[in-house]
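My notebook is open and the viewer is loaded. These are my entries, in the order in which I looked things up.

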Amino acid sequence: MQDLKLKAAEKRGAHQLGGDNLVGWDEVTQGIVLTSFDGDATGVSHKKAEERNYSDFNSYTATVASWRVMKPVFNIDVCIDCQNCWVWCPDSSILSRDKQMLGIDYDHCKGCEVCVEVCPTNPKSLLMFSEYEDLGNALASWPEKKKKEKK
Amino acid sequence: MAITSIKNLKEFSTNNDRFEGAHTLCPGCAHSMIVRELMNCTDDNLVVSSNTGCLEVSTAVYPFTSWDTSWIHIGFENAATSVSAAQVMHKVRKKKGTLKDNDAPVKFVAFGGDGSTYDIGFQWLSGAFERQHDFTYICLDNENYANTGGQRSSATPIGATTSTSVAGTHSYGKKEKKKDIVSIMAAHGAPYVAQLSPNKWKMMAKGFQKALEAEGPCFINTVSPCCTEWKFEPKDTIAITDLAVDSLMFPMYEIIDGHELNILYRPKNILKVEDYLGAQGRYKHLFKPEYKHIIEKIQSDIDEDWARLQRREEARV
């Protein structure tokens, strides 16, 4: 029986991958635990992101900025703080504190453009620009208020 | 239970997110909108369990986790089972007084995709509902097995092309109707069962809070457009849910105690189903002249379902 097992392992190339040191099914470490926070995590729902003690395992410490081709740019002069972008952002990347929209978390934004679509202002207070566009240039080229089209 | 204020969006936005970014869901995925909304609905501690699916694989990419709450994943089918076990353990330890904080309120939530809810995990879900565990099950219904490449599931509606029901010269896509999961779960006698949509954030938040508050198993089916498999631009996620709700493809309603049906949203102008189908690539073939009768069939099915819902609301059965 043992020989059969080894032969099968050789066939699959497990030998080269260190298959000689295979552990039994009951010796395998079962499951894994990742801790989201370092230390005590009591009352985390009452703490803002900047007050929390994130551990290295928390994806808050990771970034997906490289996924982006276009980035949303936020214009605070037009914004009415309706928070539509906050509620519908799939990546928790809208920074909103004390009922005010402050900006975009570019570490976690994937550039899906949902925030731009749900923005109700005229002109929109969030617009998509190329990832390499300078922030000042983007804000300078903001469109003027559009007149309502007569139906 | 400490529910948070959902009076208006500004107050709702003062909540602190407990679902972190940098998960690997596709850009514009509605899954994370729904999950974030649920976790912002309450201040209580949460114990969350996930079935295998897009949500599970993308929020727990080793060595990262996106969950700021307790989160369990075991197998494809058993989010309902594992969360009900956790709930029983919490109950017993509370009785014995061996918890760190005995009075801290805890809510139990399970997430599943439509594949693991309608098909693979159905037996486990049904069992947990029969045992009357106190938890909320949320189905993120994107109408296919999006995690493994868009195979058909029993949630896929008639006429949709998927990688295992491909539309072509001899086929118009999936031939069978979608399972009516909401009625099935309501037939378990659950205290709160609903179908909700993320574009109506307030109704959805209200529904989540009702489900979390209710004692006993609650089921919520949410429409979660999948830009990859439904084939539309990521930015249109909310627009697609608007169309789905306004064309009554996904009517929003709740069933309390298995018999008291309330329609939550009646669209002012009911859209033709063509508007919803035309916005997605997976229904493109239906607009060929030879498959026109399928669109008519979908429309007549929707009209029938809507009439049935209204009759059930009146009759309270």
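**Entry 1**

I looked up Asp257(B) and found it partly exposed, with 13 other C-beta atoms within 10 Å. My cut-offs, with C-beta atoms placed from the backbone: buried is 20 or more other C-beta atoms within 10 Å of a residue's own, exposed is 12 or fewer, and partly exposed is in between. Phi of Asp257(B) is near 55 degrees, a positive value in a residue other than glycine. Asp257(B) sits in the loop between strand 7 (253–256) and strand 8 (260–263) of chain B. For my element names, helices (H or I, at least four residues) and strands (E, at least two) are DSSP runs, numbered from the N terminus.

Lys231(B) also went on my list, with a positive phi near 60 degrees in a residue other than glycine. I found Lys231(B) in the loop between strand 6 (218–223) and helix 9 (237–246) of chain B. Lys231(B) is partly exposed, with 15 other C-beta atoms within 10 Å.

A note to myself on the source: this is a predicted model, where local features need pLDDT of at least 70 and side-chain atom pairs count only at pLDDT 80 or more, while totals for chains, interfaces and linings use all residues. Residues are numbered from 1 along each chain as its sequence is written, and chains are lettered from A and ligands numbered from 1 in the order in which they are written.

**Entry 2: cis peptide bonds**

I noted a cis peptide bond between Tyr62(B) and Pro63(B), with omega about 5 degrees. Pro63(B) belongs to the loop between helix 3 (54–59) and strand 2 (70–73) of chain B. In chain A, Asn122(A) and Pro123(A) are joined by a cis peptide bond, with omega about -5 degrees. Pro123(A) is in the loop between helix 3 (114–118) and strand 4 (126–130) of chain A.

**Entry 3: the sheet of chain B**

In what order do the strands of the open sheet of chain B lie? I read 2-1-3-4-6-5-7-8, eight strands with mixed pairing. Strands count as paired if DSSP finds at least two bridges between them. Strand 2 and strand 8 of chain B are the edge strands, each pairing on one side only. The twist averages 15 degrees from one strand to the next.

Next I followed strand 6 of chain B. Strand 5 (residues 192–196) of chain B pairs with strand 6 of chain B in the parallel sense over five bridges. Here Val193(B) stands opposite Phe219(B), and Gln195(B) stands opposite Asn221(B). Strand 4 of chain B pairs with strand 6 of chain B, also in the parallel sense, over six bridges. In that pairing, Tyr137(B) has Phe219(B) as its bridge partner.

Is strand 6 of chain B enclosed or open? Six of its six residues are buried, so strand 6 of chain B is largely enclosed by the rest of the structure. Cys218(B), Ile220(B) and Thr222(B) point one way, and Phe219(B), Asn221(B) and Val223(B) the other way.

**Entry 4: helix 8 of chain B**

Helix 8 (residues 201–213) of chain B has 13 residues. From first C-alpha to last, helix 8 of chain B reaches 18 Å, close to the 18 Å expected at 1.5 Å a residue; the expected span is 1.5 Å times one less than the number of residues. Its buried residues are Trp201(B), Met204(B), Ala205(B), Gly207(B), Phe208(B), Ala211(B) and Leu212(B). They cover an arc of only 160 degrees around the axis, which puts them on the same side of helix 8 of chain B; the arc is that of the directions from the helix axis to the C-beta atoms.

I then checked what helix 8 of chain B lies across: strand 3, strand 4, strand 5, strand 6 and strand 7 of chain B. Helix 8 of chain B runs at about 160 degrees to strand 5 of chain B. Axes here are lines fitted to C-alpha atoms, for helices over the stretch in contact, and angles run from 0 to 180 degrees between N-to-C directions.

**Entry 5: where the chains meet**

How many residues does each chain bring to the contact? I noted 33 residues from chain B and 40 residues from chain A, where residues are in contact if their C-beta atoms, placed from the backbone, lie within 7 Å. Helix 1 (9–12), helix 2 (30–40) and helix 9 of chain B each supply at least two residues of chain B's side.

Technical notes
Contact = placed C-beta atoms within 7 Å.
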